[in-house]
Structure formats: structure tokens, C-alpha cells
Amino acid sequence: MKETQDASRTTSAMLVALADPQNAVAWEAFDARYRPILIGFARNLGYNDHDAAEAAQETILRFLIEWRDGRYDKSRGRLGAWLVGIMRFRLLDQRRQRATANIGRGESAMVDMNDDASLSQVWERERRESVLRESLEELRRTSRSDPKTVKAFEMLVYHTLAPKVVADELGMSLHDVYLAKSRVAARLREIVARLELAYSEEPA
Amino acid sequence: MRRPELTDVGPGDGCIGIERLEAIAAADDATPSESGHLSLCARCSELLEAIKGDNAFLAEVKGVGPIRRSLVAPDAIDDGPVPGYKLIGELHRGGQGVVYRAEQLATRRSCAVKRLLGGGLASGRARRRFEREVELVANMRHPGVVTLYESGLARDGEPFFAMELVVGERFDSYIRMSVLTPRQVVELFRSVVDAVAYAHRRGVIHRDLKPGNVLVDTDGHPRVLDFGLARPMENSAVGMLDGFGLAGGETVAGEFLGTFAYAAPEQLRGDPDAIDSRIDVYALGVMLYEALCGSKPFASAASVADLLLQRLEAKPRRPSEISPGIDRDLDVIALKLLDPEPDRRYGTADELRDELDRYLQGKPILAREDSFVYVAVKTIRRHWAASSVAGGVLLLIVGASIALSIAYATTDIALGKAQKSLSSLKNSMTNVDPELGRGSSQLGVNEFLALVTEQVNQELGDDPELLSGILVTLGLVHLGFDDAVGAQDAIERAHAMRFDAFAQGACTKEELAEVEFALARLRFNLGDYTASERAYHAAFVLYEESVGPHALATVETLRQLASAYRAQGKFQEARQFLKSAFDRSASLEVSREAAISKAAILNGMAALGRAEGDFASTLGLYQEALDALAPYVEPDDFRVGRTLYSIALMQDAIGEQASATENAREAHRILLLRKGPEAKTTKEAAALLARLSSGTL
């Protein structure tokens, strides 16, 4: 299945594939992976959804241009920093425009855009969230457990229902509810670990 | 070690049960006897730790946000997920949503139902975009725009809307299949333009116009679809739009590349100031061109990457060259639509439609009157940008002064004060500049600079914009004298000021680029090459976006970026950047600065070859650099000195000691004169000369 392949593809493999500018699949996969992180990144910095999405789009485009020009440094761990660097200016640009147009905005929540350390912290948080989100998606898509197990997990973890309530609701024993939680957690961990590897920028 | 599983715990083995372990993990309330057991039983304690680990992990997972979509597989289509409609089959699946052919149960009429694709975990944005599309289309009534019937929530809580089902063909395949004259093409195209013009008048930019989003129905009427990426124009009174994505900020993966061919250069370049209804006009231009010629304006592009480049730089061929029967007026209209500069396109689809009407009625078209004055002004501006970029230290000063004076002349900032400060600064600096100051580099330049800096700080402390400009200049002059420490304060302060100013709209990209460049040089001089690389990169992006990809400043920044890579031992990247700089330098206009830049690039390439031990061809590159430089600089320019030094080094390496000694001597003389005895390059030349001289004794 195409989606699964893309999701588990390592970032470095993806980057290699990008070397062929006609490889639309690679670009789509890259976009699908990094755009949400960039958007989350900007939102974390206090930008609204719209601005965040715009800046993310610009950043992906800019990256594309830079990649084409061979300007991206492939050495380990640099992709995030590179994207953050681009994004930073896109966001600043937006603020600049707003300021020019005299559009008042509350910016008290803004992170200091000049502070590399806090920017990379925000990036890392977003990246991790993205991995987790994608993992949940994959869990949903590929779950081999019986639906009751997943449902129990969902009720327990997401709806924060008491284990007893979950057990009663689903006609399971308390023991089985915990078992379900443990199994799904283990499966999810597995997916997360694999995706973490895929997101890392170590050589393929 | 294998992670223990709950199933490992068998009943009746004296261990603590799972339920109890879960409770302990949650509340940390083990009884004394449980604690005792846990300290003895490896299995139970490991299980407890595993549960705690799970809980921490799940808390993190949960922190990702609430899930709206069940983890359990969603309903199948035939369960009737959309109330009031029977979904018959999938028509189209895009990144954002799925369109089904459907039947409205109450009326039995055919329609199309669009549903949001996988609302679920990250659907906030998509949902808003979806809702916006509903809102935008609901307010439009035009024969060229599909009609919305109804919108609501499906059984799974996700939004849907039902719209008119357009049975027809894509715009491009319709044209391909019908044998149309150019005039008929224009007539059909005019209807598309009319629909887009209607949207523009209602303040909506489509942003994703392409043949696939225009269907020609069975009556031969084009219908514009998919306003999913459209965005209301905001602040349209001043011609600025809120948003500037390629195809909408909320574009999703699958649509990304598909839209490229129709995206305007300002979208590709990421120039937010330039985004408005003219991106639709550009997309229409690509569609018209394709319709007339049967190929896209940049059809020769081998790849997406080339397409980008072409869009920014190349000129499409005239349609009449490709397709006979197209007249000059139509050529002009088609090419005007594709002008890389938005200002030179039609401003709105309305203007375009009126122009098409004039064309169809045989009246003179307005595009022919493209004003000479406009072209002249543009040309002068372009040359001004190139010529105001400073090459050497002095030029930096003069350039910055002039640029600032000019910039502030149009504002209400105290012009007299600015010009006075700048001119006195310029005068002072001229006296200490190594290029003109003939030997004055030995006269305590750094102390003098420190005084000037302090003076400037005092005088202009209340004027950060002006102060930052002067601080950059001063910082660079410090660096010119190898005084990184003296430069640091000035440049860092200037950087902080400009950075803030940029965010406030009080400084241009070019000005920010200038200070990023200075910061990069500073970091480089301080030996922090990673930071230098980062700042050069920022400067490069900013320059490319402000003065253009082939401007001298951009080329120079590329070259320096290569140095930052080289200093980190990343030779491959360095080579790539130098190559790019070299290629670009070919299109620089002939000037002293361009020659100096080209020589520097050649020097850089030579230095890379040197690192690899290829001395013979390296020597050739240095000589080429010297040749490039010679006509434009004085014979004892410091760059000549440095290049001579490198030549001497290479000659020494390949055994030509006599020439090496001669060149080293000349290099040392020049560097001593220009840079002073304390400069690093002077010392290097002195050392080489000493070594060669002792060898010949």
C-alpha cells in the first residue's frame, strides 16, 4: 500500500528520491511528512492556522528550490534546522507584512525568533507529535487486533473512562481491558519506533 | 531483554495481579507487603515498570490531541453515511476530499457529494478549508461556477456538501478533441475568464486554476470547479492579499505538484508582497497558451526543477511560432498573461475579459500600448540595484550611504541629519580605508574605528534604522581590518535591530540580507563556520528574493557560502555552490565588481583544487583569476597580492621556485602596503617568502 510505504520510508531515502525532480511521489511524501510539522511549529510560535499553513507551504517550496540547487546539506540532523531556518524567515516576512498593513495582532505568545535553541526545541516537539500522529493513523489503518481490543484502548486512553466502565461497556473482564491496553500500547510503540527511525536523517 | 507482557503473569503463582499492578502504577500506593514482594520478584517489578512506561508513553500520545475519528475502521460507503443522499460511486479522490456521484433521495436528482477526507486526527485545518469552500461557493451564482445544493454533517460528524453534477470533459481534453480555430479557443476561454472574473469581483481568488478544474459541460459551457483552495481577498483596496501559497495554504500533498505548471513565478519565488488576483491571471495564461499551442509555455522543461527555473527566467516562445494561424495580438495577450512580473500582467480577470472582447471584436488591444516609460523605469531600477551593491570596503560605505540617503529621502525621517551623518562618516572612513588611505592602515585604525562607532552610537542612538545601517558598515570595515572583536558588537547590534525592524516592516529584505551577510562574515572570522553558513544561507535567500538570483550580491553570497562549507571540510557542497556562483557570474554585467567577484570565485575553486593536491590545474585557475582581475583593479590591489601569493604557493609546490619567489615577494609587498604588517595574509606571504628565500640561499 502506497501510503504505508511512504510513511515508513526513511527521511534520507526520501531525500535521495528527491534528487530526481520528476519523482512526484517522493515530493508528495516529503510534503506530507514535513508540512504538518511546519504548520504545528508555526502554531506553536503563536501564529494562527492560516498564517502557519501559508508559511509552511512557502517553506516546502523554498526547500524544493534549494534542493534542486544542491544547497541542502545532507549531513546528519540538519534537515530540521534547515527547514526551521527557511520557516523563520517566512514567518518574519508575514509579520513584516502585517506590520506594514497596520494589522494589529496579539503577539505576546511569540517565541523569540532569533533564538535558535528555542526554535529547535519547538521543532523537535512538533516532529515528535507528527510521528505520534502518524503512528496513530497507521495503527488505525493497519490494526490487526480485534476491534474490541482497539475500542477498549480508545475508551481507556482517549475517553479516559474508568477501566471498570470500559469492561462493563464492552462486556470484557477487567483483566482483558488491561491486556488490551498493554497490547495496543506495545503495537503503537513498535510503530512509533519504526517511524522515529524513518524520520531520523541518518544515512539510509 | 524481552519486555515482559501481562500475559506472562499466570494466576496462582503468588504474584500481584494485573489489576492491582495497574492501580499501583496509577496511584503509587503499594501496601508494605506488596512493596516487599516487588523488591523480591523480578517479574512483578518489571511488569510494574512496563505499565508505568506504557502510561507515560500513552500520556504523551494523548497529548497529541483528541481524536475525533475512531481508531476502529470507518463505515463502508454503502451504509449511507450522508443523510439524504445515496452515494453511487467515487468520482474523484483528491488530497482534501472525496467526490462521489450521488443521488439526492428526496428529488431523485443526480448530484455530486464531496466529503472531507479522513477528518480524524489532524482535520482542523482541512475542515476549515472545507467549510470555507462551502461558504465561498454558496455565495456564488454564475453560469460558469458550479452550484451548491446543500451542506451539512455526515453521520460520522464530518462535513459534506452536495453540488450540481457537471457532466463534461476537462478543459484541455475538450480542446484537444474538438478541432477549434484560435478564435474559437479564445471564445471558449473567455467564458472561463468570465467565471473567474465573477469570483474576483466577489473578492475570491481561485488559486488553483488548471484545466482539471474546468469542465466543459455537454452544452459546451465551461464550468469552474473546486474552490477548495480559494481564499477571500482581504484588504483588496490596497491590492494586498491575505495569503500567498502556491495553491492555498491548506493545500495537501496530492495537489502539490499538480499545480506547479500553473503557478505564477511570484508564488514559486515566495514573494508574498506580490500575491494577488494576478496569480489567477497567470494560471489562465498558462491555460490559454496550452489551449492555443497544444503545449505548455515551458513544455521543454525536463523536470519540475527546470520548470521552476524557467518560470523565473525563461521567456516562452510566441504562440504563433508554434501554432500557425495565431495573430500578433493574440501573441501579445498570451505573453502578457505569462509575464514574470505581476505588474505587467492584466490586473484582474475582468481586465483580461475586456481585452479578449476587444480582440474578438477586432478592436486594438491595450496590451500593445505597453509603455516605454514603464520599461525604462524598470530598467533603471534593475541597474541601480546591481550598481548599488558594494564590492569593496569603500564601496560598501559609499553604497550604504547612498542607499540610505535615497531610502530616507522619501520618508519624513530627518533627512538633513541622516545625510550629514553619513557624509561625515564617509569622509572619515575614506581616510582610513586601505584602498585609498595609502598606508594609513598602520595608524591605529581599530582604535579610530572604535571611536567612530561610539560617536555614531551617541548621535544616532534614537534612530535605530539609520544606526543599524551605519553599524553594519562599521562592522564590515572592522572586519576589513581583520578585527573581528571590534566588528562583533557593531554587527550583532545591527543584526538585532534590523531583525526587529524587518518583523515590523521597517526594513526591506535587501537590508536584512545585508546585515545577515555581515553577520556571516563575522562568524566566519570568529571561526564559527556553522553559524556563518547559517547566516550566509539566510542572506542568500533574502538576496535572491529581493535583488534576484543573478544579482552580484546574490552571487557573492553564494561564493561566501561556499567558503563556509569549505571551512567545515564539506568540499562537495562547497564545490556545488561555487559552481552555481560561477554559472551565475556569467550573466553579471561587465563591471569592476563583477570582475572582482568572478576572480574571487575562481580563487575559491582553485583553493578547493589545492586541498585535493591538484596543483597544476589549480595554478591555472589562479592565473585565470588574476587575468579577470587585472583590467579592473590597480596593480597593487590587495586582491592581486593575495592571488599572487596563491600562485607562488602553487609554483612552489610544482617546483618552479624562481617564479614562486618572485611572486611571493610581490605579493608580500602589496599585502604589506594594503593590509599592514599585522594582517594574517601579510604574515602568510612573509612566511612563504622567507621559506623560499632560505631555500634559494
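The legends below describe several close-up views of a predicted model. Local features are reported only where pLDDT is at least 70, side-chain atom pairs count only at pLDDT 80 or more, and totals for chains, interfaces and linings use all residues. Residues are numbered from 1 along each chain as its sequence is written, chains are lettered from A and ligands numbered from 1 in the order in which they are written, and side-chain values use heavy atoms, with hydrogens and water left out.

**View 1. Chain A as a run of helices.**
Chain A holds nine helices and zero strands, where helices (H or I, at least four residues) and strands (E, at least two) are DSSP runs numbered from the N terminus. Read from the N terminus on, its elements follow the order α-α-α-α-α-α-α-α-α. Of the 204 residues in chain A, 57% are buried, a word that stands for under 20% relative accessible area, with exposed meaning over 50% and partly exposed in between (1.4 Å probe, protein chains only).

Helix α2 (residues 11-18) of chain A is mostly covered, since six of its eight residues are buried. The buried residues in α2(A) are A:Thr11, A:Ser12, A:Met14, A:Leu15, A:Ala17 and A:Leu18. The axes of α2(A) and α3(A) come within 9 Å and cross at roughly 140°, which makes α2(A) oblique to α3(A). Here axes are lines fitted to C-alpha atoms, for helices over the stretch in contact, and angles run from 0 to 180 degrees between N-to-C directions. Angles under 35 degrees count as roughly parallel, over 145 as roughly antiparallel, 65 to 115 as roughly perpendicular and the rest as oblique. The crossing of these two helices, α2(A) and α3(A), is left-handed, a term used if the near helix is turned anticlockwise from the far one by less than a right angle, with right-handed used if clockwise.

**View 2. A stacked aromatic pair between two helices of chain A.**
Over all chains, a search of the whole structure finds nine aromatic pairs. One of them joins A:Tyr34 and A:Trp123, which are stacked at 6.2 Å centre to centre with 5° between the planes. Because A:Tyr34 lies in helix α3 (residues 24-44) and A:Trp123 in helix α6 (residues 116-142) of chain A, the pair ties together parts that are 89 residues apart in sequence. Rings of Phe, Tyr and Trp (its six-membered ring) pair if their centres lie within 6.5 Å, and planes under 30 degrees apart count as stacked, over 60 as edge-to-face and the rest as tilted. A:Tyr34 is buried at a relative accessible area of 1%, and A:Trp123 is buried at 7%.

**View 3. An edge-to-face pair between the chains.**
The ring centres of A:Phe89 and B:Phe499 are 6.2 Å apart and their planes stand at 65°, so the pair is edge-to-face. This pair crosses between chains, from A:Phe89 in helix α5 (residues 78-100) of chain A to B:Phe499 in helix α18 (residues 484-504) of chain B. Both A:Phe89 and B:Phe499 are buried.

A:Phe30, A:Tyr34, A:Phe41, A:Phe63 and A:Trp123 form one aromatic cluster. In the largest nonpolar core, which has 111 residues, A:Phe30, A:Phe41 and A:Phe63 touch the most other members. A second, separate core of 65 residues includes B:Leu136, B:Ile175, B:Tyr262 and B:Leu284. A nonpolar core is a set of buried Ala, Val, Leu, Ile, Met, Phe, Trp, Tyr and Cys residues joined through side-chain atoms within 4.5 Å.

**View 4. Charges over aromatic rings.**
The charged end of A:Arg189 sits over the ring of B:Phe57, at 5.0 Å from its centre. In chain B, B:Lys336 lies over the face of B:Tyr346, 5.1 Å from the ring centre. A charge sits over a ring if NZ of Lys or CZ of Arg is within 6 Å of the ring centre and within 35 degrees of the ring normal.

**View 5. Two helix pairs in chain B.**
Helix α25 (residues 638-653) and helix α26 (residues 657-675) of chain B have axes that come within 7 Å and cross at roughly 155°, which makes α25(B) roughly antiparallel to α26(B). Helix α21 (residues 552-567) and helix α23 (residues 592-611) of chain B pack at an angle of about 20° with their axes 10 Å apart, which makes α21(B) roughly parallel to α23(B).
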